[in-house]
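Work through the exercises below with the sequence and the structure open beside you. Try each task before reading its solution.

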Amino acid sequence: MIYGAECWPAKKKHTNKINIAEMRMLRWMCGYTRKDRMRNEYIRKKVGVAPIEDKLRESRLRWFGHLNRRPIEAPVRKIELLDFAHVQRGRGRPKKT
């Protein structure tokens with residue numbers, strides 16, 4: 001479900017949807033429904049699973065470590081040297097492309 005999540009620009013909306021989907025799966029595994037009104041913490045403790053947000057953060061930090069160990073001449077690291085301070089955005093509403 002979170003394949004390639006290291007490179008996503010993760011927004012709160014996306015993490016919320018992933019969290020909801022994960023809790024649905026965990027409830028299904030335990031045999032609970034939403035009507036049983038079991039707390040998420042209880043279900044997580046019973047299954048022994050960490051929150052998906054922590055897993056996303058962990059994978060992003062692992063990816064950052066890989067990038068940080070690359071030589072500065074690598075194309076991936078050249079992004080760090082770019083300076084976007086002088087770039088101005090156009091006026092008005094953005095194009096729909």
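Predicted model: local features only at pLDDT ≥ 70, side-chain atom pairs only at ≥ 80, totals over all residues.

**Exercise 1. The buried side of α3**

Task: List the buried residues of α3 and name helices that cover them.

Solution. First apply the cut-off: a residue is buried under 20% relative accessible area. In α3, the residues that pass are Ile52, Leu56, Ser59 and Gly65. Next look at what covers these residues: the cover includes α1 (12–30) and α2 (40–47).

**Exercise 2. A residue with positive phi**

Task: Describe the backbone angle phi of Arg37, its place in the chain and its exposure.

Solution. Start with the angle: phi of Arg37 is positive, about 55°, although the residue is not a glycine. Then find its place, which is the loop between α1 and α2. Last, check the accessibility: Arg37 has a relative accessible area of 74%. Exposed means over 50%, so Arg37 counts as exposed.

**Exercise 3. The aromatic pair**

Task: The structure holds one aromatic pair; classify the pair formed by Tyr32 and Tyr42 and say which parts it ties together.

Solution. The ring centres of Tyr32 and Tyr42 are 6.5 Å apart and the planes stand at 55°. Planes under 30 degrees apart would count as stacked and over 60 as edge-to-face, so this pair is tilted. Now place the two residues: Tyr32 is in the loop between α1 and α2, while Tyr42 is in helix α2. The pair therefore ties together parts ten residues apart in sequence.

**Exercise 4. Salt bridges**

Task: The count comes to four salt bridges; describe three of them, Glu22 with Arg44, Arg62 with Glu58 and Arg77 with Glu80.

Solution. Begin with a general point: side chains of opposite charge can pair when their charged atoms come close.

- In the bridge between Glu22 and Arg44, N and O are 3.0 Å apart. Glu22 belongs to helix α1 and Arg44 to helix α2, so the bridge ties together parts 22 residues apart in sequence. Both Glu22 and Arg44 are buried.
- Between Arg62 and Glu58 the N to O distance is 3.2 Å. Both residues lie in helix α3, four residues apart, about one turn of the helix. Arg62 is partly exposed at 46%, and Glu58 is partly exposed at 41%.
- For Arg77 and Glu80, the closest N and O atoms are 3.1 Å apart. Arg77 is buried, at 11% relative accessible area, while Glu80 is partly exposed, at 46%.

**Exercise 5. A nonpolar patch**

Task: Name the residues of the nonpolar surface patch that includes Val87, and give their accessible area together.

Solution. The members are Ile79, Leu82, Phe84 and Val87. Together these residues have about 430 Å² of accessible area. To place one of them, Val87 lies in the segment after α3.

Methods: Residues numbered from 1 in each chain as written. Heavy atoms only, no water. Buried < 20%, exposed > 50% of the residue type's maximum accessible area, 1.4 Å probe, protein only. Contact = heavy atoms within 4.5 Å. Patch = residues over 30% accessible without salt bridge, like charges linked within 9 Å, V, L, I, M, F, W, Y side chains within 5 Å. Areas by Shrake-Rupley, 256 points an atom, 1.4 Å probe, with all protein chains shown as cover. Salt bridge = Lys/Arg side-chain N within 4 Å of Asp/Glu carboxyl O. Phe/Tyr/Trp six-rings, centres within 6.5 Å; stacked < 30°, edge-to-face > 60°.
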